[in-house]
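Colleague: Please take me through the packing and backbone features of this model, giving the general idea for each feature and then the case at hand.

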Amino acid sequence: MERITITPRNNWQNKVEKLGFGFHSTNVPYWDESAYYKITMDEVLHIEKATAELWDMCLKAVQFVIDTDAYNQFHIPENFIEHIERSWNEDHPAIYGRFDFAYKEGQLKLLEFNADTPTSVYEAGIVQWFWLQDFNANLDQFNSIHEKLIDYWGYLKEYLYDDTLYFTCVKRNLEDLTTVEYLRDCAIQAKIETKLIFIDDIGWDEDKKVFVDMEENEIKNIFKLYPYEWLVNETFGQNILEDQNSALWIEPSWKMILSNKAILPILWHLFPDHPLLLKSYFDQGDLVEYAQKPILSREGANIKLVKEDTIIEETGGDYGDEGFIYQELFELPKFGDNYALIGSWIIGQQPAGMGIRESNNLITNNVSRFIPHVIEG
C-alpha cells in the first residue's frame, strides 16, 4: 500500500456537494483528495478474506456470550438481555458493519468492529467511486458497497413486517442524516416503502403500547442511526421492551454485543493467537505495550496508548465509567505525517469494500480525513 500525492479536482467541493455530500469540510478538511492510497489486488483479496473470516468469528462470539451469560462484561442492562437473545434466536436482520484494520508490514490486525452505527459508508460507497471516475475510470476500487446494499435490502424485505420501513437519526447532524438518507435510498431502490423520521419525533402510544410517527401511524420496522448504549439507558428506549408490535429494529439488539469493545477479549479467548487478532483482555494481563479502550467509547474517545511504561498518546472524553479493555499495541502504519486506518465493510454476510481514514495522530478520531483509494498492481 502506498500514499500518492495528487492535485485535487478543480471545484471538487461543488462536485461532491452535487452528490449530496455536504459535510466534506468543517473547521478541518474531512474529505481529502490531495492524495490517494494505491493498493494491490493481492492486498484487497487479503482484506476481503479477513473480513469474511472475522464476520464468521464474530457470529460465533455472539453465540458464546449468550451461551455463557457473559453480559456482565459488556455493561448491558440486564432487562434487555431477553430482547437481545430473542432478536438473535429469531434471526432479526442486520444490514452492515465496519471492521477497522491496521495494515503494516504484511500484517492485517483487527483494532475494533463498528457493528451498530458505523458511518462513512456513503463516502466509501459513493463519493470515492465518483472521484475515481474523474481520476481514472479505467482503474478499480475495492468497492461494491452500493450494489450490495441494494441487493441486501431486497433480501431483507422478506424479513420485515408488511409495512413502512422508517429511517431515523438525531436532528441537526448532517453526517448522520446523509448516511441515513443514503441507506434509505438504497432501500427504496430495493422496492421498499420508506419514511424518514427523526428519533426526537418518534412517539409512544401509552394506551396501545406501540411506537408511532407524527401522524400516529404505528411503527413496525425501523432502521436507526442511534447507539444502543444511549437508547437502552433512556426512558424512551425502555419502551422497546413493552412494544406490542415487537418492532424490528435494524440494527437488531444482538448487535449490542458486537458493537462493544468487550467483544475483543472474547474473540481472543475463543481464537487465541489468530493472525488477524491482537491479544485483548479485561485487565492488563501480560501486556507491556497496549491500548486501553473504554468498552463503549466512540470516535477515539478516552483511549490511552502505553509503550515502555509511558503513555505515548491519549484522548479525553466522557467514557470510561463502564470499564476498559486492554489490547496489544499495534501502531498504525505511517505515511509521511499520516497514520492510515482501513475500514472494511460487511454488507449482510459479504465483504463489500473499504474506505481509508487518516490522521496526524496514532488514535483515529472525529477529525480524521477520508482518503480515496485505487487498485493498481
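Modeller: Let us begin with contact, which means heavy atoms within 4.5 Å. Leaving aside neighbours within four places in sequence, phenylalanine 99 is in contact with Thr51, Leu54, Trp55, Cys58, Leu110, Glu112, Phe113, Ile342, Gly343, Ser344 and Ile346. This is a predicted model, in which local features need pLDDT of at least 70 and side-chain atom pairs count only at pLDDT 80 or more, while totals for chains, interfaces and linings use all residues. Residues are numbered from 1 along each chain as its sequence is written, and side-chain values use heavy atoms, with hydrogens and water left out.

Colleague: Which residues have the most contacts inside the largest nonpolar core?

Modeller: A nonpolar core is a set of buried Ala, Val, Leu, Ile, Met, Phe, Trp, Tyr and Cys residues joined through side-chain atoms within 4.5 Å, where buried means under 20% relative accessible area, exposed over 50%, and partly exposed in between, with a 1.4 Å probe and protein chains only. Here the largest core has 70 residues, and those with the most contacts inside it are Phe99, Phe101, Ile257, Leu258, Ile263 and Leu267. Its largest share, eleven residues, comes from helix H2 (residues 41–68), helices being DSSP runs of H or I with at least four residues and strands runs of E with at least two, numbered from the N terminus. A second, separate core of 44 residues includes Tyr182, Ala187, Ile192 and Ile347.

Colleague: How many disulfides does a search of the whole structure find?

Modeller: A disulfide is a pair of cysteine sulfur atoms within 2.5 Å, and the search finds zero. Cysteine 186 is in no disulfide, the nearest cysteine sulfur, that of cysteine 169, being 15 Å away. Cysteine 186 is buried at a relative accessible area of 0%, and cysteine 58 is buried at 1%.

Colleague: At what angle do the axes of H4 and H6 cross?

Modeller: Axes are lines fitted to C-alpha atoms, for helices over the stretch in contact, and angles run from 0 to 180 degrees between N-to-C directions. The axes of H4 (residues 121–136) and H6 (residues 174–189) come within 9 Å and cross at roughly 65°. Val121, Tyr122 and Ile126 of H4 make the contact with Thr178, Thr179 and Tyr182 of H6.

Colleague: How do H4 and H5 pack?

Modeller: H4 and H5 (residues 145–156) pack at about 115°, with their axes 8 Å apart. Val121, Ala124, Gly125 and Ile126 in H4 meet Ile145, His146 and Leu149 in H5.

Colleague: Where is glutamine 292 found?

Modeller: Glutamine 292 is found in strand E12 (residues 290–294) and is buried, with a relative accessible area of 12%. Although glutamine 292 and tyrosine 326 are 34 residues apart along the chain, their C-alpha atoms are separated by 4.7 Å.

Colleague: What is phi of aspartate 91 near, and is aspartate 309 buried or exposed?

Modeller: For the backbone we read torsion angles. Phi of aspartate 91 is near 55°, a positive value in a residue other than glycine, and this aspartate lies in the loop between helix H3 (81–89) and strand E3 (96–104), where its 46% relative accessibility counts as partly exposed. Aspartate 309 also has a positive phi, about 65°, in the loop between strands E13 (304–307) and E14 (310–314), and at 74% relative accessibility aspartate 309 counts as exposed. The peptide bond from isoleucine 250 to glutamate 251 is cis, with omega near 10°.
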